[in-house]
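I opened this notebook to keep a record of what I looked up in one structure, entry by entry. The entries follow the order in which I went through the topics.

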Amino acid sequence: MADRLADLSRAGVSIWLDDLSRERLTSGSLASLVARDHVVGVTTNPTIFAKAISGGGEAYAGQLHDLWARGTCVHEALRDMTTHDVRWACDVLRPAYDASDGVDGRASIEVDPRLAYDTEATIAEARALWWRVDRPNLFIKIPAARQGLPAITACLAEGISINVTLIFSLARYDEVIDAFLAGLERARQAGHDLAQIASVASFFVSRVDTEVDARLDKIGTVAAAALAAAGARPQRPLWASTSVKDPAYSDTMYVTKLVAPDVVNTMPEATLRAVADHGEVPADSVRGHYSGARQVLSELAAAGIDYDDVTAGLEQRGLELFDASWRELSDQLAAKLRNPCHS
């Protein structure tokens, strides 16, 4: 029987799961995906946690009772609950982390989405999450809003591994790469072991229904070569939001059309199962298609569609969606805790 997920892994795509819940951890579901389905990473976001905790039932009941008994405020309760799950996921993934020399085996947790436009608060939140989870195979997710770019640099400079999320435009990706390289250079100057610092850049592909002309070879400058010589790892592109929204498209489109060496694809379990069942995995579906991607963008411009305006709107709406999910969950928990400490 064909093992299409193995084919995807052999093509150089790291398969990550875009989901996490306490039930998935306690039931062994995540461990099974790691053991049997080639999953080597986990990503989370505020919407995923809102769904997990709101519908988690008994899985969170004991911890929630203890938080209530201690009079914990809602924001600290959210940190306790989410970091507990991500720490557990890091432990499940630790063998994959060790086997890949730190390339994979990573779990991601996002900073509070309300802080996306506050650089200093984002840095402080990233530090707090890094310390609280306390696992080397953790990624802190920082949105690629303009105010997040200096936070990305600052955190990498301190040795914190970063998943840069909510990237939609190529122009912003250029800025992300610059922030990444600046952070590694500062980390090198501070004496950090660059081999222990990792980063991925998450493109939300299903929200931009055009080919992404990914600049995978940008890291080729003299400065980047010096960092590589010091043990730095390249920042890998990560394809996120890979569930297909338009039923006219194949349900494996954002996996099989984005196959290339040294990339990550994080997908919900339904997409993973669809790939395993009927995905046709090519050796490479990205390189060699750059001219076609440029043509698509040119045709969009000729049709009056402003690509930069599209991506700017997607970034804003992406941040608003995560903010809304977090606030809704906060309101639900506040009703169950003694001290809501709303802000």
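**Cavities**

I began with the lining of the largest cavity, to which helix 4 (46–54), helix 6 (74–99), strand 3 (106–110) and helix 7 (119–133) each supply at least two residues. I noted that helix 6 gives the largest share of that lining, with 4 residues. The volume of the largest cavity comes to about 130 Å³, and 17 residues line it, of which Thr82, Glu110, Asp112, Glu125 and Trp326 are the closest to its centre. A search of the whole structure for cavities of 30 Å³ or more returned 2.

**Confidence**

The mean pLDDT of the protein chain is 89, with 92% of the residues at 70 or more. I marked residues 209–219, where the pLDDT is below 50, although this stretch has 30 contacts in the model beyond near neighbours in sequence. Where pLDDT is low, the predicted coordinates should not be read in detail.

**Aromatic pairs**

How many aromatic pairs does the count come to? I found 4 aromatic pairs. One of them joins Trp16 and Phe139, whose rings are 6.1 Å apart, centre to centre, with 40° between the planes, a tilted arrangement. This pair links distant parts of the chain, for Trp16 belongs to strand 1 (residues 13–17) and Phe139 to strand 4 (residues 138–143), 123 residues apart. I recorded both Trp16 and Phe139 as buried.

Returning to Phe139, I asked which residue has its charged end over the ring. The residue is Arg106, whose charged end sits 5.0 Å from the centre of the Phe139 ring.

**Positive phi**

Most residues other than glycine have a negative phi, so I looked up the exceptions. Ser241 has a positive phi, near 55°, and lies in the loop between strand 7 and helix 11 (253–256). Asp262, which is not a glycine either, has a positive phi of about 65° and is found in the loop between helix 11 and strand 8 (263–267).

Are these residues buried or exposed? Ser241 is buried because its relative accessibility of 10% falls under the 20% cut-off, whereas Asp262, at 56%, is over the 50% cut-off and therefore counts as exposed.

My last entry concerns Glu58, which lies in helix 5 (residues 58–69). With a relative accessible area of 71%, Glu58 is exposed.

Note on methods:
Residues are numbered from 1 along each chain as its sequence is written. This is a predicted model: local features need pLDDT of at least 70, side-chain atom pairs count only at pLDDT 80 or more; totals for chains, interfaces and linings use all residues. Side-chain values use heavy atoms; hydrogens and water are left out. Rings of Phe, Tyr and Trp (its six-membered ring) pair if their centres lie within 6.5 Å; planes under 30 degrees apart count as stacked, over 60 as edge-to-face and the rest as tilted. Buried means under 20% relative accessible area, exposed over 50%, partly exposed in between (1.4 Å probe, protein chains only). A charge sits over a ring if NZ of Lys or CZ of Arg is within 6 Å of the ring centre and within 35 degrees of the ring normal. pLDDT is the predictor's confidence in each residue, from 0 to 100. Contact means heavy atoms within 4.5 Å. On a 1 Å grid over the protein atoms alone, a cavity is a set of points where a 1.4 Å probe fits but cannot get out, and a pocket is an open set with protein on both sides within 12 Å along at least five of seven lines; lining residues have an atom within 4 Å of a point. Grid points are joined across faces, edges and corners, and a volume is the space filled by probe spheres set on the points.
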